[in-house]
Amino acid sequence: SAMTRGGLLPALVLLPLLSLPLGRVGAGAPWEQSAWHCSFSGACECDFRPDLSGLECDLAINLVGQHLARELVMKGLKAFVHNHNPEKPLVFSFHGWTGTGKTYVSSLVIHYLFHSGSHSSYVHHFSPVLHFPHAEQIEQYKDNLKNWIQGNLTRCGRSLFLFDEMDKMHPGLIDVIIPFLGPSWVVFGTNYRKAIFIFISNAGGEQINQMTLNLWRARKDREEISFKDLEASILEAVFENPQSGFWKSGIIEQQLIDYLVPFLPLKQHHVKQCVRNELASRGLQPQPEVVQAVAESIPYFPEEEKVFSLTGCKTVASRVPFFL
(Lines give C-alpha, C1' and ligand atoms only; values in the text may rest on other atoms or scores of the structure.)
Protein backbone atom coordinates (compact mmCIF):
# COMPACT_ATOMS: atom_id res chain seq x y z
CA SER A 1 0.00 0.00 0.00
CA ALA A 2 0.99 3.59 -0.37
CA MET A 3 0.84 5.88 2.57
CA THR A 4 0.58 2.97 4.95
CA ARG A 5 4.19 2.34 4.07
CA GLY A 6 5.12 6.01 4.03
CA GLY A 7 6.59 5.91 7.48
CA LEU A 8 8.41 2.61 7.12
CA LEU A 9 12.06 2.57 6.17
CA PRO A 10 12.37 1.00 2.70
CA ALA A 11 14.81 -1.80 2.11
CA LEU A 12 17.48 0.53 0.82
CA VAL A 13 21.11 -0.39 0.96
CA LEU A 14 22.39 0.84 4.32
CA LEU A 15 26.07 1.38 3.80
CA PRO A 16 28.51 0.64 6.62
CA LEU A 17 30.09 4.01 5.94
CA LEU A 18 32.18 4.34 9.04
CA SER A 19 33.87 1.00 8.69
CA LEU A 20 34.76 1.40 5.02
CA PRO A 21 38.39 1.19 3.91
CA LEU A 22 38.15 4.75 2.65
CA GLY A 23 41.41 4.61 0.77
CA ARG A 24 39.58 2.55 -1.81
CA VAL A 25 37.08 5.27 -2.59
CA GLY A 26 39.40 8.26 -2.61
CA ALA A 27 40.66 10.23 -5.58
CA GLY A 28 43.68 8.00 -5.99
CA ALA A 29 41.75 4.75 -6.00
CA PRO A 30 42.85 2.22 -8.65
CA TRP A 31 39.54 2.20 -10.57
CA GLU A 32 39.34 0.23 -13.78
CA GLN A 33 39.94 2.38 -16.84
CA SER A 34 36.48 1.58 -18.22
CA ALA A 35 34.77 2.66 -15.01
CA TRP A 36 36.72 5.90 -15.00
CA HIS A 37 35.80 6.52 -18.63
CA CYS A 38 32.13 5.84 -17.92
CA SER A 39 31.99 8.40 -15.15
CA PHE A 40 34.10 11.09 -16.70
CA SER A 41 32.62 10.94 -20.19
CA GLY A 42 29.05 10.34 -19.03
CA ALA A 43 28.86 7.60 -21.67
CA CYS A 44 27.55 4.85 -19.37
CA GLU A 45 24.27 4.74 -17.48
CA CYS A 46 25.27 1.92 -15.10
CA ASP A 47 22.06 0.55 -13.49
CA PHE A 48 20.02 3.65 -14.42
CA ARG A 49 16.86 2.54 -16.29
CA PRO A 50 14.26 5.27 -15.69
CA ASP A 51 10.58 4.41 -16.11
CA LEU A 52 8.96 7.80 -15.54
CA SER A 53 5.56 6.81 -16.90
CA GLY A 54 5.47 3.91 -14.44
CA LEU A 55 6.45 6.21 -11.58
CA GLU A 56 3.86 8.81 -12.54
CA CYS A 57 1.14 6.16 -12.68
CA ASP A 58 2.14 4.64 -9.32
CA LEU A 59 2.19 8.05 -7.64
CA ALA A 60 -1.20 8.96 -9.10
CA ILE A 61 -2.78 5.73 -7.86
CA ASN A 62 -1.02 5.09 -4.56
CA LEU A 63 0.32 8.35 -3.14
CA VAL A 64 -2.53 9.62 -1.00
CA GLY A 65 -3.25 13.31 -0.60
CA GLN A 66 0.03 14.81 -1.83
CA HIS A 67 -0.70 16.74 -5.03
CA LEU A 68 2.24 19.11 -4.54
CA ALA A 69 4.77 16.33 -3.93
CA ARG A 70 3.56 14.39 -6.95
CA GLU A 71 3.73 17.42 -9.24
CA LEU A 72 7.14 18.64 -8.05
CA VAL A 73 8.84 15.23 -8.11
CA MET A 74 7.61 14.44 -11.62
CA LYS A 75 8.47 17.91 -12.90
CA GLY A 76 12.01 17.65 -11.57
CA LEU A 77 12.65 14.12 -12.80
CA LYS A 78 11.24 14.66 -16.30
CA ALA A 79 13.38 17.74 -16.89
CA PHE A 80 16.49 16.06 -15.47
CA VAL A 81 16.22 12.62 -17.07
CA HIS A 82 15.42 14.02 -20.52
CA ASN A 83 18.39 16.39 -20.36
CA HIS A 84 21.43 14.46 -21.56
CA ASN A 85 23.78 17.20 -20.43
CA PRO A 86 22.43 18.64 -17.15
CA GLU A 87 24.10 21.72 -15.69
CA LYS A 88 24.09 20.32 -12.16
CA PRO A 89 22.93 17.27 -10.18
CA LEU A 90 19.23 17.04 -9.32
CA VAL A 91 18.63 17.92 -5.66
CA PHE A 92 15.31 17.26 -3.89
CA SER A 93 14.50 18.06 -0.26
CA PHE A 94 11.36 16.41 1.16
CA HIS A 95 9.73 18.10 4.17
CA GLY A 96 6.67 17.22 6.22
CA TRP A 97 5.19 15.58 9.28
CA THR A 98 5.65 11.89 10.05
CA GLY A 99 3.55 9.45 8.04
CA THR A 100 2.86 11.77 5.11
CA GLY A 101 4.79 9.79 2.48
CA LYS A 102 8.32 11.18 2.26
CA THR A 103 10.07 7.82 2.63
CA TYR A 104 7.48 6.12 0.45
CA VAL A 105 8.01 8.56 -2.43
CA SER A 106 11.80 8.23 -2.21
CA SER A 107 11.51 4.43 -2.36
CA LEU A 108 9.26 4.69 -5.43
CA VAL A 109 11.69 7.05 -7.14
CA ILE A 110 14.52 4.58 -6.59
CA HIS A 111 12.38 1.64 -7.74
CA TYR A 112 11.51 3.32 -11.04
CA LEU A 113 14.91 4.88 -11.78
CA PHE A 114 17.24 1.94 -11.18
CA HIS A 115 16.94 -1.53 -12.67
CA SER A 116 17.89 -3.13 -9.35
CA GLY A 117 15.80 -0.68 -7.33
CA SER A 118 16.80 -0.37 -3.70
CA HIS A 119 19.33 -3.17 -4.16
CA SER A 120 21.29 -1.19 -6.76
CA SER A 121 24.93 -0.65 -5.89
CA TYR A 122 24.52 2.89 -7.25
CA VAL A 123 21.94 3.86 -4.60
CA HIS A 124 23.47 5.09 -1.36
CA HIS A 125 21.42 5.64 1.79
CA PHE A 126 22.75 7.64 4.74
CA SER A 127 21.18 7.66 8.19
CA PRO A 128 22.56 10.16 10.75
CA VAL A 129 21.81 7.83 13.65
CA LEU A 130 23.59 4.92 11.99
CA HIS A 131 26.42 6.62 10.08
CA PHE A 132 27.07 9.84 12.01
CA PRO A 133 26.07 9.17 15.63
CA HIS A 134 28.80 11.03 17.58
CA ALA A 135 29.02 14.83 17.45
CA GLU A 136 32.65 14.80 18.58
CA GLN A 137 33.64 12.85 15.45
CA ILE A 138 32.13 15.31 12.97
CA GLU A 139 35.47 16.13 11.28
CA GLN A 140 36.09 12.43 10.61
CA TYR A 141 32.54 12.08 9.30
CA LYS A 142 33.13 14.98 6.91
CA ASP A 143 36.19 13.26 5.44
CA ASN A 144 34.38 9.93 5.24
CA LEU A 145 31.33 11.43 3.54
CA LYS A 146 33.29 13.46 0.99
CA ASN A 147 35.49 10.50 0.10
CA TRP A 148 32.53 8.13 -0.16
CA ILE A 149 30.56 10.37 -2.51
CA GLN A 150 33.64 11.25 -4.55
CA GLY A 151 34.64 7.61 -4.92
CA ASN A 152 31.18 6.42 -5.92
CA LEU A 153 30.68 9.23 -8.43
CA THR A 154 34.04 8.27 -9.91
CA ARG A 155 32.66 4.75 -10.24
CA CYS A 156 29.38 5.92 -11.79
CA GLY A 157 28.03 9.40 -12.39
CA ARG A 158 24.47 8.01 -12.47
CA SER A 159 24.30 7.53 -8.71
CA LEU A 160 21.61 8.45 -6.19
CA PHE A 161 22.40 9.60 -2.64
CA LEU A 162 19.59 9.59 -0.07
CA PHE A 163 20.04 11.44 3.24
CA ASP A 164 17.34 10.39 5.70
CA GLU A 165 16.32 12.22 8.89
CA MET A 166 18.13 15.46 8.06
CA ASP A 167 16.60 16.95 11.21
CA LYS A 168 18.91 14.60 13.17
CA MET A 169 22.04 15.45 11.17
CA HIS A 170 24.77 17.31 13.06
CA PRO A 171 24.71 20.96 11.85
CA GLY A 172 27.64 21.72 9.56
CA LEU A 173 28.26 18.13 8.46
CA ILE A 174 26.18 18.16 5.29
CA ASP A 175 27.95 21.25 3.91
CA VAL A 176 30.94 19.10 3.05
CA ILE A 177 29.02 17.86 -0.02
CA ILE A 178 28.38 21.40 -1.39
CA PRO A 179 31.04 21.00 -4.13
CA PHE A 180 29.08 18.02 -5.49
CA LEU A 181 25.75 19.86 -5.72
CA GLY A 182 26.61 22.94 -7.78
CA PRO A 183 26.87 23.69 -11.51
CA SER A 184 30.63 23.17 -11.92
CA TRP A 185 31.78 20.90 -14.73
CA VAL A 186 34.04 18.66 -12.66
CA VAL A 187 35.11 18.50 -9.03
CA PHE A 188 38.09 16.48 -7.83
CA GLY A 189 38.41 15.11 -11.37
CA THR A 190 34.89 13.65 -11.28
CA ASN A 191 32.00 14.41 -13.62
CA TYR A 192 29.08 14.26 -11.23
CA ARG A 193 26.31 16.30 -12.85
CA LYS A 194 24.07 13.30 -13.56
CA ALA A 195 23.78 12.36 -9.89
CA ILE A 196 20.60 12.72 -7.83
CA PHE A 197 20.50 13.79 -4.17
CA ILE A 198 17.41 13.42 -1.97
CA PHE A 199 17.18 14.89 1.53
CA ILE A 200 14.34 13.80 3.85
CA SER A 201 13.40 15.78 6.93
CA ASN A 202 10.58 16.32 9.42
CA ALA A 203 11.87 19.89 9.77
CA GLY A 204 9.29 22.34 8.50
CA GLY A 205 6.53 19.83 9.23
CA GLU A 206 5.02 21.92 12.02
CA GLN A 207 5.01 25.01 9.81
CA ILE A 208 3.41 23.09 6.93
CA ASN A 209 0.75 21.77 9.31
CA GLN A 210 0.01 25.22 10.74
CA MET A 211 -0.16 26.87 7.32
CA THR A 212 -2.47 24.13 6.05
CA LEU A 213 -4.67 24.51 9.13
CA ASN A 214 -4.80 28.30 8.71
CA LEU A 215 -5.83 27.93 5.07
CA TRP A 216 -8.48 25.38 6.08
CA ARG A 217 -9.89 27.83 8.61
CA ALA A 218 -9.92 30.46 5.85
CA ARG A 219 -12.05 27.98 3.88
CA LYS A 220 -9.34 27.36 1.30
CA ASP A 221 -9.50 23.81 0.03
CA ARG A 222 -6.45 21.72 0.83
CA GLU A 223 -5.97 20.82 -2.84
CA GLU A 224 -5.82 24.53 -3.69
CA ILE A 225 -2.67 25.02 -1.61
CA SER A 226 0.27 26.05 -3.76
CA PHE A 227 3.99 25.70 -3.20
CA LYS A 228 4.28 29.49 -2.83
CA ASP A 229 1.93 29.34 0.14
CA LEU A 230 4.48 27.20 2.01
CA GLU A 231 7.96 27.90 0.64
CA ALA A 232 9.02 30.79 2.88
CA SER A 233 7.85 29.08 6.08
CA ILE A 234 9.68 25.85 5.25
CA LEU A 235 12.94 27.59 4.36
CA GLU A 236 12.89 29.65 7.55
CA ALA A 237 12.13 26.60 9.70
CA VAL A 238 14.92 24.57 8.11
CA PHE A 239 17.60 27.26 7.87
CA GLU A 240 17.04 28.99 11.23
CA ASN A 241 16.58 25.92 13.43
CA PRO A 242 19.80 24.98 15.31
CA GLN A 243 18.48 21.42 15.58
CA SER A 244 18.23 21.06 11.80
CA GLY A 245 20.95 19.54 9.66
CA PHE A 246 20.46 22.51 7.30
CA TRP A 247 21.01 25.12 10.06
CA LYS A 248 22.79 28.10 8.43
CA SER A 249 23.74 25.71 5.65
CA GLY A 250 25.46 26.88 2.49
CA ILE A 251 23.23 24.43 0.61
CA ILE A 252 20.27 26.69 1.43
CA GLU A 253 22.22 29.97 1.12
CA GLN A 254 23.56 29.05 -2.32
CA GLN A 255 20.14 27.78 -3.45
CA LEU A 256 21.51 24.38 -4.40
CA ILE A 257 18.21 22.59 -3.70
CA ASP A 258 16.28 22.41 -6.98
CA TYR A 259 12.96 21.26 -5.54
CA LEU A 260 11.78 21.85 -1.99
CA VAL A 261 8.92 19.33 -1.72
CA PRO A 262 6.26 19.86 0.98
CA PHE A 263 4.17 16.94 2.24
CA LEU A 264 0.83 18.12 3.65
CA PRO A 265 -0.98 16.75 6.71
CA LEU A 266 -3.65 14.16 5.89
CA LYS A 267 -7.36 14.42 6.60
CA GLN A 268 -9.57 11.50 7.65
CA HIS A 269 -10.69 10.71 4.10
CA HIS A 270 -7.01 10.34 3.15
CA VAL A 271 -6.46 7.97 6.06
CA LYS A 272 -9.45 5.93 4.87
CA GLN A 273 -7.83 5.62 1.45
CA CYS A 274 -4.65 4.38 3.12
CA VAL A 275 -6.73 1.75 4.95
CA ARG A 276 -8.32 0.64 1.67
CA ASN A 277 -4.87 0.40 0.07
CA GLU A 278 -3.61 -1.65 3.01
CA LEU A 279 -6.56 -4.04 2.83
CA ALA A 280 -6.06 -4.42 -0.92
CA SER A 281 -2.37 -5.21 -0.39
CA ARG A 282 -3.49 -8.04 1.91
CA GLY A 283 -5.88 -9.34 -0.74
CA LEU A 284 -8.92 -8.24 1.28
CA GLN A 285 -12.05 -6.36 0.25
CA PRO A 286 -12.35 -2.78 1.58
CA GLN A 287 -14.99 -3.43 4.22
CA PRO A 288 -16.57 -0.03 5.08
CA GLU A 289 -16.86 -0.80 8.79
CA VAL A 290 -13.18 -1.76 9.01
CA VAL A 291 -12.12 1.33 7.05
CA GLN A 292 -14.19 3.55 9.33
CA ALA A 293 -13.00 1.90 12.55
CA VAL A 294 -9.30 2.13 11.68
CA ALA A 295 -9.62 5.76 10.57
CA GLU A 296 -11.42 6.70 13.79
CA SER A 297 -8.79 4.99 15.96
CA ILE A 298 -6.09 7.40 14.79
CA PRO A 299 -5.51 10.69 16.70
CA TYR A 300 -6.27 13.96 14.93
CA PHE A 301 -5.35 17.61 15.52
CA PRO A 302 -6.14 20.27 16.58
CA GLU A 303 -7.85 18.99 19.70
CA GLU A 304 -11.11 20.84 19.05
CA GLU A 305 -11.67 20.41 15.30
CA LYS A 306 -9.76 17.13 14.75
CA VAL A 307 -9.01 17.93 11.11
CA PHE A 308 -5.64 16.31 10.34
CA SER A 309 -4.08 12.97 11.30
CA LEU A 310 -1.38 13.35 13.95
CA THR A 311 0.61 10.42 12.53
CA GLY A 312 -0.43 10.60 8.88
CA CYS A 313 -0.89 7.07 7.64
CA LYS A 314 2.19 5.73 9.42
CA THR A 315 0.33 3.46 11.87
CA VAL A 316 -2.40 2.23 9.50
CA ALA A 317 -0.69 -1.06 8.62
CA SER A 318 -0.17 -1.99 12.27
CA ARG A 319 -3.74 -1.03 13.23
CA VAL A 320 -5.60 -2.92 10.50
CA PRO A 321 -5.24 -6.44 12.02
CA PHE A 322 -6.99 -5.31 15.22
CA PHE A 323 -10.17 -4.53 13.29
CA LEU A 324 -10.37 -7.58 11.02
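Guide: Buried means under 20% relative accessible area, exposed means over 50%, and partly exposed lies in between, with a 1.4 Å probe and protein chains only. The model is predicted, so local features need pLDDT of at least 70 and side-chain atom pairs count only at pLDDT 80 or more, while totals for chains, interfaces and linings use all residues. Residues are numbered from 1 along each chain as its sequence is written, and side-chain values use heavy atoms, leaving out hydrogens and water.

Visitor: Why is Cys156 called buried?

Guide: Its relative accessible area is 0%, and the limit for buried is under 20%, so Cys156 is buried.

Visitor: What makes Cys46 and Cys156 a disulfide?

Guide: A disulfide is a pair of cysteine sulfur atoms within 2.5 Å. The sulfur atoms of Cys46 and Cys156 are 2.0 Å apart, so the pair qualifies. Cys46 lies in the loop between helix H1 (33-41) and H2, and Cys156 in the loop between helix H6 (138-155) and strand S3 (160-163), 110 residues apart. Helices (H or I, at least four residues) and strands (E, at least two) are DSSP runs, numbered from the N terminus. Cys46, at 23%, is partly exposed.

Visitor: How many disulfides does a search of the whole structure find?

Guide: The search finds two. The other joins Cys274 to Cys313, with an S to S distance of 2.1 Å. Cys274 is in helix H11 (residues 268-281) and Cys313 in the loop between S7 and helix H13 (316-319). Cys274 is buried at 0%, and Cys313 is also buried at 0%.

Visitor: Why is the disulfide of Cys274 and Cys313 called right-handed?

Guide: The torsion about its S-S bond is about 90°, so the disulfide is right-handed.

Visitor: How do you know that Glu305 and Arg217 form a salt bridge?

Guide: The term requires a side-chain nitrogen of Lys or Arg within 4 Å of a carboxyl oxygen of Asp or Glu. For Glu305 and Arg217 the closest N and O atoms are 3.2 Å apart, so the pair meets the criterion. Glu305 lies in the loop between strand S6 (300-301) and strand S7 (308-309) and Arg217 in helix H8 (residues 205-217), so the pair ties together parts 88 residues apart in sequence.
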